[in-house]
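Visitor: Please take a close look at one part of this model. I would like the sheet and what surrounds it.

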Amino acid sequence: LHLDAALIQDVAVPLEREQANYLLNVLRLKDGDAVLVFNGRDGEWVAALVPSGRKQASLKLVRLAREQTPRPDLHYLFAPLKHARLDYMAQKAVEMGAGVLQPVLTRHTQVSRLNLDRLQANAVEAAEQCGILSLPEIRPELSLEVALSALEPERLLVFCDEDMEQSSPVAALAAAKPGPLALLIGPEGGFDEAERKRVLARPNTLRISLGPRILRADTAAVAALALVQATLGD
Ligand code: SAM
């Protein structure tokens, strides 16, 4: 359970109505039952449920179960998709180890106003699902140009490009020098030529193929993250 509060032993943390309802009426937990909680800052805690109404409860923190872990250093740059596909993309990116989610607006991006709260909710859900204690940072959307210039020069940008012909992206990634990494996936309509040139003009950029088929952007995200994980670890 993700709690938006400081976690300190012996302190009772009030639950939101929705959270209390879930624990009491969906999971049917009882007074004193144990729940694991985290807030993205203070590690994971065992807490005891203290009901105070049909849909009201607090949690009494009992002991630290796991120390806080650092946020993964993988930046994930993506053109926002619509609705459920964006939910999926955000969840999978977090599950697969992205630490920073950076939406990027491109010429063919179909979403111009992004719901950052929804993105955050998806990230929290994915972190809960995987037991990730450090919540990813969700950044507001930037133009491609600005997002590229905001990247530290030493961060390798792995640019997934469906126009790239390549026999082994694994070999290309494995040959890259170790260091911080960012992954760039384009919008449903792909990058236009000027954007592609702009990305490739950035020093420390590695263009890779994810195979001979043009993947949906949300599939490409999972494939690219799996490739990075399998090749470089983490
Ligand atoms: N129209 C489809 C959709 O609705 O999602 C396909 C979109 S594809 C052009 C979106 C992005 O996925 C591309 O900009 C690229 O970053 C990535 N991508 C898809 N297939 C790829 C491949 N075979 N190799 C590398 N990147 C790929």
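Guide: A48 stands opposite K60 in strand 4. Strand 3 (residues 44–53) and strand 4 (residues 56–66) run antiparallel, joined by nine bridges. Strands here are DSSP runs of E, at least two residues long, and helices are runs of H or I, at least four residues long; both are numbered from the N terminus. Two strands pair if DSSP finds at least two bridges between them.

This is a predicted model: local features need pLDDT of at least 70, side-chain atom pairs count only at pLDDT 80 or more, and totals for chains, interfaces and linings use all residues. Residues are numbered from 1 along each chain as its sequence is written.

Four strands make up an open sheet, ordered 1-4-3-2, with antiparallel pairing. Strand 1 (12–14) and strand 2 (34–38) are the edge strands, and each pairs on one side only. From one strand to the next, the twist averages 40°. Helix 1 (residues 17–26) packs on this sheet and touches strand 2, strand 3 and strand 4. Its direction makes about 85° with that of strand 4. Contact means C-beta atoms, placed from the backbone, within 7 Å. Axes are lines fitted to C-alpha atoms, for helices over the stretch in contact; angles run from 0 to 180 degrees between N-to-C directions.

Next, the confidence. The protein chain has a mean pLDDT of 92, and 100% of its residues reach 70 or more. pLDDT is the predictor's confidence in each residue, from 0 to 100. For the complex, the predictor gives an ipTM of 0.94 and a pTM of 0.86.

Key
Contact = placed C-beta atoms within 7 Å.
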